[in-house]
Amino acid sequence: MKIEKRWIISFVIICIISLGALVGSNTDQINMQNFLPESNINSADTAWILTASGLVLLMTPGLSFFYGGMVGRKNILSTMLQSFISLGVVSLIWIVVGFSLSFGSSIGFEINGIKYGIIGNPFEYFFFDRVSTLPHKSLASTIPFLLFALFQMKFAVITPALITGSFAERVRFISYLLFIVLFSLFIYTPLCHMIWYPDGLLNKYFGVKDFAGGTVVHMSAGFAALAGAMVLGKRKRPHHEPSNTAFVLLGTGMLWFGWFGFNAGSALAANATAALAFGTTTIASASAMMTWIFFDRINGRKVSVLGACIGAVVGLVAITPAAGFVSIRESLFIGFITAIISNTMVNWSKLKQIDDTLDVFACHGIGGIMGMILTAIFAHGDNASLLHGGISVFLHHMTALILVSLFSFFGSLLLYKISNAIIPLRVSEESEKIGLDLSQHDEQLC
């Protein structure tokens with residue numbers, strides 16, 4: 001069997017990474033000014049974030065079932081693997097340079113002596129050097145810094161996995177791997193730094209509130225999905241029946257369960273904010289699920305498993321940026337209104353023409369946008385949102401929303417073009433016809 005050069009190159013890269021991990025360690029050169037004594041570690045906080053990290057990891061396999069059950073039978077395994085493989089690819093990227101780009105010291109510009117970060121120093125935590133088990137003063141003051149880095153890794157893992165639903169059933173696997181490497185490095189890490197790092201541009205200058213990733217994760221994935229569907233074009237046979245709705249139910253349950261770690265874990269402590277985020281998360285999802293099925297019914301569509309599951313996930317997406325900032329009552333409304341808007345977008349005929357296979361933009365992109373807008377309206381605190389005296393905060397949020405949308409869409413569009421120039425993104429017509437399970441992986445569901 002002839003082995004293509006691209007796979008040899010891929011194997012050489014993993015060899016270099018693996019061998020590179022054994023040389024040039026700077027673990028001992030830790031700047032102690034950034035860290036607190038080990039006595040500052042809080043056992044309860046540490047135990048909770050360890051648990052939350054496991055919950056967030058579970059979301060990616062959950063997403064694979066959620067997406068896998070929605071596609072045609074000939075593409076179940078390939079679709080599930082596209083989500084699952086992100087656990088391997090992005091985890092390695094994160095260890096080598098991703099965490100450093102996201103949470104390293106800011107590289108950016110200064111205005112009136114104030115620094116605004118665009119990206120982190122790529123060498124500060126290279127190969128997790130200097131990622132100490134001591135607590136970090138500004139990023140994680142009561143848990144080991146290593147745990148913070150691993151918790152954040154799970155967010156980086158699931159973001160590109162979300163994109164896969166938009167181009168399911170027609171993407172070449174090796175090209176997809178190349179794209180998610182580029183997306184993680186050039187879209188996710190700058191957004192993560194700008195929004196979640198203390199000196200980040202969107203955090204420090206615009207005051208963007210994103211409690212657990214509505215902007216960093218869902219908006220970026222949603223707009224990347226829209227760009228991907230446009231670049232790859234329509235499937236040859238775009239209409240199909242979901243192959244296994246039981247998979248969709250299972251995936252939704254895993255996602256809902258894992259989302260408690262996603263949102264409540266983002267408090268980075270076992271405290272009242274975590275409890276609030278836990279409550280708002282489940283109520284927003286419940287509200288969105290019920291709204292979705294009733295809205296379907298009054299529009300002449302049957303109550304369905306898919307509708308209930310998609311509605312629940314849309315509610316989870318919408319509450320993510322607001323989870324620790326709003327009340328239980330407000331979370332109910334957030335789930336309700338986002339379900340109506342997202343449902344309308346899913347069934348909008350013009351959006352359907354793009355062939356976003358699993359409606360990733362309509363669910364995650366629109367859900368993230370609605371979450372960001374509603375956070376800017378309802379977030380509690382002095383001058384925190386439109387309803388709490390922060391008109392300028394609201395306007396800054398809207399400006400940031402436009403900037404993030406443009407950056408995510410056009411940045412991803414460029415990365416798709418680059419990926420396609422290196423390795424064509426779309427499989428052949430024959431491969432698409434027989435299904436990606438066989439043509440890409442020589443496997444099929446029994």
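Is Ile-8 buried, partly exposed or exposed?

1. Ile-8 is partly exposed, at a relative accessible area of 45%. Buried means under 20% relative accessible area, exposed over 50%, partly exposed in between (1.4 Å probe, protein chains only). Ile-8 sits in helix H1 (residues 5-20). Helices (H or I, at least four residues) and strands (E, at least two) are DSSP runs, numbered from the N terminus.

2. Basis of the values: this is a predicted model, where local features need pLDDT of at least 70 and side-chain atom pairs count only at pLDDT 80 or more, while totals for chains, interfaces and linings use all residues. Residues are numbered from 1 along each chain as its sequence is written, and side-chain values use heavy atoms, with hydrogens and water left out.

3. Aromatic pairs. Rings of Phe, Tyr and Trp (its six-membered ring) pair if their centres lie within 6.5 Å; planes under 30 degrees apart count as stacked, over 60 as edge-to-face and the rest as tilted. The count by this rule is 33 aromatic pairs. Phe-66 and Tyr-67 make a tilted one, 6.0 Å centre to centre with 40° between the planes. Phe-66 is buried at 5% relative accessible area; Tyr-67 is buried at 1%.

4. Tyr-116 and Tyr-205 have ring centres 5.5 Å apart and planes at 90°, so this pair is edge-to-face. Tyr-116 lies in strand E2 (residues 114-120) and Tyr-205 in the loop between helix H7 (201-204) and helix H8 (214-232), so the pair ties together parts 89 residues apart in sequence. Tyr-116 is buried at 8%, whereas Tyr-205 is partly exposed at 42%.

5. Ring pairs also link a cluster, including Trp-94, Phe-128 and Tyr-188.
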